[in-house]
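Open the model in your viewer and get ready to select as you read. Each stop says what to pick and what is there.

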Amino acid sequence: MGIRSVASKPLAKWVVERQQTWMYQPAEAQQQWLQKLIDGGRHTVFGKDHHFRDVHSIEEFRQAVPVRDYEDLKPYIEQILAGNSDVLWKGKPLYFAKTSGTTSGTKYIPITQDSIPNHIDSARDALLNYINETGNSAFLDKKLIFLSGSPELTQKAGINIGRLSGIANHHVPAYLRTNQLPNYETNVIDDWETKLERIIDETLTQPMSLISGIPPWVQMYFDRIQERTGKLIKDVFPDFSVFVYGGVNFEPYRAKLYESIGKRVDSIETYPASEGFIAFQDTQTEEGLLMLLDSGIFFEFVAADDYFTENPRRLTISEVELGKNYAVIINNNAGLWGYSLGDTVKFVSRDPYRLLVTGRIKHFISAFGEHVIGEEVEKALQYAMQQHPETEVVEFTVAPMVSPKEGLPYHEWLVEFATSPHDPAAFARDLDNRLTKLNVYYDDLITGSILQPLKLTALPRGAFQRYMKSQGKLGGQNKVPRLANDRKIAEGLLEIMHNV
């Protein structure tokens with residue numbers, strides 16, 4: 001065993017032992033962070049605007065700081081971009097993580113000297129928890145690949161700006177840089193397809209042991225390797241033993257990825273966002289991701305059913321219930337205050353707090369009052385695939401058809417299959433039947449003849465890749481929304497299908 005794998009084990013033991021101090025005292029850890037954040041923000045422009053000097057309790061904090069989205073925060077961001085200091089947090093941010101918003105255009109999310117450990121240490125600790133539990137540390141001695149955005153940064157007002165994954169790339173520990181791939185010159189290539197071919201050139205003959213990335217883009221990497229070599233991934237990379245992923249639900253991709261690999265490998269799920277690293281999988285034996293309650297963030301939660309009401313109730317970690325969907329609100333030492341992350345989560349454990357990511361609070365279909373959410377369509381798809389085990393799905397999205405030329409309105413499922421079901425009509429029926437069991441409102445609309453059963457549209461191979469390329473969002477950390485209340489994505493995909 002090499003020095004990295006040997007040295008990692010005592011470090012992993014120390015990190016896991018240290019976690020116990022907040023894992024089993026979550027309310028205390030969160031209360032301490034709330035106080036630290038109020039103290040840290042008291043003399044900022046935001047703190048003065050919101051009278052932090054008079055805030056001494058969670059109730060007073062909520063009165064002072066409303067739930068907000070990026071548009072509400074934007075005037076403060078613009079002050080920072082104009083060169084001002086002490087606006088949202090003391091000093092200036094180290095970075096702005098540049099990300100795309102559905103309504104806000106480009107968003108600039110601050111990352112400060114105080115908040116950068118949340119991003120970097122959490123990614124490290126996810127691996128160390130795995131090492132401590134499994135004893136597998138040998139992967140650290142071989143080659144590691146992170147399929148990510150470009151690490152190239154620009155500057156504005158003296159602040160470095162880039163994609164979160166690119167920013168994180170600058171903070172990879174020195175002891176891992178020598179076995180990290182791809183190299184910098186490859187990583188900064190903008191065109192994803194060109195970049196992917198260069199990554200394959202670099203990695204094909206290397207002893208790859210850990211591969212990290214969003215599942216659909218990792219699948220593309222695997223597909224291209226198989227096209228070149230005619231081999232399963234396990235035969236190309238016999239040392240490959242750990243797959244790290246995040247950003248999307250793994251289940252729709254699991255069967256195809258493992259088929260491409262040709263063997264089972266351990267996987268570690270993470271929940272990073274530009275606004276903060278929220279949770280990671282701390283064990284291979286329990287469901288859910290460990291919520292990071294002592295990492296610079298004070299969390300609040302709003303029940304998804306209550307989110308769009310006039311005065312939604314904000315809950316602390318100790319008030320959440322198991323099995324219920326919540327929108328995540330964060331307050332952190334990057335200067336995000338009452339910030340709605342946009343994600344929904346569901347807790348599966350309170351001892352310690354572990355969660356599942358269930359979707360996006362604004363990504364749902366409710367064109368007819370059904371409010372179908374991401375978790376429901378993913379569960380329906382998983383069920384249909386279990387009933388039709390020959391089926392493999394590459395990608396999918398769902399859109400309403402409000403005014404069809406004939407018949408009642410319906411939901412259209414646009415699915416790219418790697419292997420199509422033998423009986424597509426039966427597959428569609430199983431999807432629809434499962435969705436009626438998961439969503440009572442959808443069931444009422446079907447049984448009440450307001451909607452007809454869903455329609456399944458099978459897309460040709462590569463349709464989603466071509467669509468994402470047409471939108472300038474191919475590769476990196478970009479994800480296809482599962483649900484929409486309009487047909488913009490659906491019509492774009494159908495246009496591509498008809499032009500094939």
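How many Å separate the centres of domain 1 and domain 2, taken over C-alpha atoms? The separation is 29 Å in this predicted model.

**Stop one: the two domains.** Select 1–300 + 328–360 for domain 1, then 364–499 for domain 2. Their contact takes 22 residues from domain 1 and 25 residues from domain 2. Together the two domains bury about 2000 Å² between them, with 50% of that on carbon and sulfur atoms.

**Stop two: across the interface.** Four salt bridges are counted between domain 1 and domain 2. Show the side chains of Lys256 and Glu392: they meet in a salt bridge at 3.9 Å, N to O. Next, colour helix H10 (192–203), helix H11 (215–229) and helix H13 (251–261); each gives two or more residues to the side of domain 1 that touches domain 2. The residues of that side divide into nine nonpolar, six polar and seven charged.

**Stop three: Glu193 and Arg224.** Their side chains form a salt bridge, 3.8 Å from N to O. Glu193 lies in helix H10 and Arg224 in helix H11, so the pair ties together parts 31 residues apart in sequence. Glu193 is partly exposed at 24% relative accessibility, while Arg224 is buried at 15%.

**Stop four: Arg314 and Glu300.** This salt bridge spans 2.9 Å, N to O. Arg314 sits in the loop between strand E12 (297–303) and strand E13 (325–332), and Glu300 in strand E12. Both Arg314 and Glu300 are buried.

Key:
Residues numbered from 1 in each chain as written. Predicted model: local features only at pLDDT ≥ 70, side-chain atom pairs only at ≥ 80, totals over all residues. Heavy atoms only, no water. Domains from an automatic or database assignment. Contact = heavy atoms within 4.5 Å. Buried area = accessible area lost by both parts, 1.4 Å probe. Helix = DSSP H or I, 4+ residues; strand = E, 2+ residues; numbered from the N terminus. Nonpolar A, V, L, I, M, F, W, Y, C, P; charged D, E, K, R; others polar. Buried < 20%, exposed > 50% of the residue type's maximum accessible area, 1.4 Å probe, protein only.
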